[in-house]
Amino acid sequence: MSDHGTSSADLWTSVDALWAWLETDQPVSGREGLLLRMLKLSEEVGEVSEAVIGAIGQNPRKGVSHTWEDVQGELCDVAITALVALRTLTPDTREVFHRHLTRVTERSLGPEAA
């Protein structure tokens, strides 16, 4: 991952930093805090839906209220939130993610693709 000068290591460093920031200032901890961190994903996915509806003007009351760039940003928020949630479950986030990505890639595209 080297788009725009960003390396894979920078991605995982950022995920770790965001996780640490959330951990130091979380109002709810323990099991409830863990569940709330996972539920944050639903909120972010809802924002993707809102942006898509706004980009195509599906809501007659609001009209075109978003751009496809807004949708891109919301999708990035989903990915970031998911990676931080994964980091909440394991410090081996990078390895768990890459192992799972390899399995999904092999299952979808065949072993030679991974």
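**Close-up views of a predicted helical model**

Four salt bridges are found when the whole structure is searched. The model is predicted, with a mean pLDDT of 93 over the protein chain and 95% of the residues scoring at least 70.

**View 1. A salt bridge joins R87 and D16.** The closest N and O atoms of R87 and D16 are 3.0 Å apart. R87 belongs to helix α3 and D16 to helix α1, so the pair links distant parts of the chain, 71 residues apart. R87 counts as buried, at 12% relative accessibility, while D16 is partly exposed, with a relative accessible area of 36%. Among the elements of the chain, the two helices mark the limits of mean pLDDT: α1 has the lowest (93) and α3 the highest (98).

**View 2. E23 pairs with R37 in a salt bridge.** Their closest N and O atoms are 3.2 Å apart. Because E23 lies in helix α1 and R37 in helix α2, the pair ties together parts that are 14 residues apart in sequence. E23 is partly exposed, with a relative accessible area of 31%; R37 counts as buried, at 12%.

**View 3. K40, E43 and E44 form a network of salt bridges.** Between K40 and E43, the closest N and O atoms are 3.0 Å apart. K40 and E43 are three residues apart in helix α2, which means that about one helical turn separates them. Both count as partly exposed because their relative accessible areas, 33% for K40 and 41% for E43, fall between the 20% and 50% limits. E44 is listed with the buried residues of α2.

**View 4. T81 of helix α3 (residues 68-89) is set against residues K40, L41 and E44.** With a relative accessible area of 13%, T81 is buried, since the limit is under 20%.

**View 5. Helix α2 covers residues 30-56.** At 1.5 Å a residue, its 27 residues should span 39 Å, and the end C-alpha atoms are 41 Å apart, which agrees. The buried residues of α2 are G33, R37, E44, V48, A51, G54 and A55; their cover includes α1 and α3. G57 follows α2 and has a positive phi, near 70 degrees.

**View 6. L18, W21 and I80 make a nonpolar surface patch.** L18 lies in helix α1 (residues 8-24) and is partly exposed, with a relative accessible area of 35%.

Definitions and conventions:
Residues are numbered from 1 along each chain as its sequence is written. This is a predicted model: local features need pLDDT of at least 70, side-chain atom pairs count only at pLDDT 80 or more; totals for chains, interfaces and linings use all residues. Side-chain values use heavy atoms; hydrogens and water are left out. Patches are made of residues with over 30% relative accessible area and no salt bridge: like charges are joined within 9 Å, nonpolar side chains (Val, Leu, Ile, Met, Phe, Trp, Tyr) within 5 Å. Accessible areas come from the Shrake-Rupley method with a 1.4 Å probe; for residues, only the protein chains shown count as cover. A salt bridge is a side-chain nitrogen of Lys or Arg within 4 Å of a carboxyl oxygen of Asp or Glu. Helices (H or I, at least four residues) and strands (E, at least two) are DSSP runs, numbered from the N terminus. Buried means under 20% relative accessible area, exposed over 50%, partly exposed in between (1.4 Å probe, protein chains only). Contact means heavy atoms within 4.5 Å. The expected span of a helix is 1.5 Å times one less than its number of residues. pLDDT is the predictor's confidence in each residue, from 0 to 100.
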